[in-house]
Amino acid sequence: MVSSHLKRRLKYLRLALVEHYRIINANPLSRFGFWVIVVFTLVALFAPLIAPYDPWEMVYDSEGNFAALQPPSWEFPMGTTHLGYDLFSQLVLATRTTLLIGATSGLISIIIGANIGLIAGYYGGKLDEVLMRLTDILYGMPFLPFIIVLIALFGRKLEFVILAIVLIIWRTSARVIRAQTISIKQRQFIAMAKARGASDFRIIYKHILPNVLPLLLLYAAFNIAWSIITEASASFLGFGDGETISWGGMLYELWLSGKTRVAWWWFASPSVCIILLVTSLVFVSRAYEEVANPRLRKR
Amino acid sequence: MAILELERLSRHFEVRPGFVDRVVRRKPSSYIKAVEALNLTVGHNEILGIAGESGCGKSTTCTMVAGLLAPTGGDIRYKGDSVLDLKGAGLMEYRRRVQMIFQDPYESLNPRFRISEIVAEGPTALSLWDGDEIDERVNAMLNAVGLPHHKYADRYPHELSGGERQRVGIASALVMEPEMVIADEPLSMLDVSIRAGILDLFKDMQSQRHFSAIYVSHDLSILGNVADRLMVMYLGQAMEIGPALEVIRNPKHPYTRALIGAVPVPDPRTRRAIPNIRGDISKPIDPPPGCRFAPRCPHADASCGERFMELDTADPHLHQAACHKLDVINDG
């Protein structure tokens, strides 16, 4: 027999999911953003099945000619590079790398930022002082020299690109969430939770966290978006992972080839993808401001 | 034996002057003496009322007894044992036994929790029972406070009216089966029209569940209705204590007399003697050692500003007033 308690929990989970779906669906921009993210995720998951060629395979057209620097056509929907690589295949596989980096560093950075913000804000005092000065130090850290040193020391590896992005990005979310935590911990329902016997841990993660959720989701989306942009700029400057291909890396290859002025199709597709994904994330995150505050919801 | 004893309980808040004043002008900190040397006992199954104006230290006393604020002096004893140094399991046990009902039902319910989750919070946090039993008790408790669980359990606080929210607040305290309930002005934020319903609920619950209670209010008519004994506070000091109806019908202390004299009478033809009270309520920042009501008291002389009379808790049913001038006042 299923316990009634479990049933109630499952019911609340289902209601929450329905609510989230409704929130995203209520606003045309966030609905658009949501589906763009879903499509990119599917492309990333099934990349090898979708890509018609290997990204580093020299392709030939139907007449058997070497297809170098071809503009988009039916055969090569996004054109080819000066070495005859199919750009559509590259883009599809690059989606995987970019999404992996974006999601991983975005999520890790929001987890670090949220925890540091919650703990510093809730406990205050010396702990807050130490954690916030640490954040200040990171604010003084310029991104590019930092990643150059990291790559020089450890080599062009995906893990280090992610590490560099995470270390730089968590600081803003930590500060914002700390500020929100300080304002929420003074509200009376926190005193009530304490009077009812809730531990500090429970107050932080059960009472305060759901109340900073709007900001958290907003910053999660921002962090993912910023990770993608940061990864693209790092790759464009040649500090990406040498083994894989990403959207920024495609732009770097274009720069190296010296064909920037000729091959408009070469920079068009990765740039459009970056812009599309980043704005979609922002659209979805904006819709989440409503989820955060039940009073803002339309009934 | 009393269930709760407060012995010379005090709470002072330090007010530090600004950086320049502190370092350059060497100005010392001042202290807001929110509660000063409060003696009080609450017996088993007794409702003790605390009356007083805003800022008299009623709420500070409540939060200290509920264990949310550490006193700066004195002692709180629960069933004979001091609770000030409780930690871990002992503190959790105390929290279960002594529960608080908050003043503002709009602020004290977590907006992200459903009603059933708010009521279940205490038992869940302290793992009092397993999930199913908590659910059962939460449902029963919601029904008992007049919120049928099938209708209210899954709602959010913003979907409820003020009165319904305060019922949720009461349910979330009582579901833990406390032995002592501290009610900090539970009616003051509610419409007058629904106060009677909530007050009746509180009284019914008390007579069914036999908890002791401290009931704080600035409304003497409510306290006369609900409390067994009544304590009157002014700027952090206890002025008078005694059986509730006796304090209200036959007040001894000049402050209590003024307070009761100020209660409106719903009859425009009644002529009342206006109590001869000067000035406004001040702030308890670095107050003189004596009676804090002295500056406004018509009967005060120089000695009133020097020493203060603490109430005695040896006989809880004694009607006493903290005033040296009682003979003079009662003669005149």
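User: What is buried area, and how much of it lies between chain A and chain B?
Analyst: Buried area is the accessible area (1.4 Å probe) that two parts lose on being put together, summed over both. The size of an interface is often given this way, as accessible area lost when the parts come together. Here chain A and chain B bury about 3,100 Å² between them, with carbon and sulfur atoms giving 49%. On the chain A side, A:Arg8, A:Gln188 and A:Arg196 lose the most area to chain B, together 24% of what that side buries. Keep in mind that this is a predicted model, where local features need pLDDT of at least 70, side-chain atom pairs count only at pLDDT 80 or more, and totals for chains, interfaces and linings use all residues. Residues are numbered from 1 along each chain as its sequence is written, chains are lettered from A and ligands numbered from 1 in the order written, and side-chain values use heavy atoms, leaving out hydrogens and water.

User: How many residues are in contact across the two chains?
Analyst: Contact means heavy atoms within 4.5 Å. By that rule, 30 residues of chain A meet 37 residues of chain B.

User: And how many salt bridges are there between chain A and chain B?
Analyst: A salt bridge is a side-chain nitrogen of Lys or Arg within 4 Å of a carboxyl oxygen of Asp or Glu. The count between these chains is five. One of the pairs is B:Glu117 with A:Arg9, whose closest N and O atoms are 3.2 Å apart.
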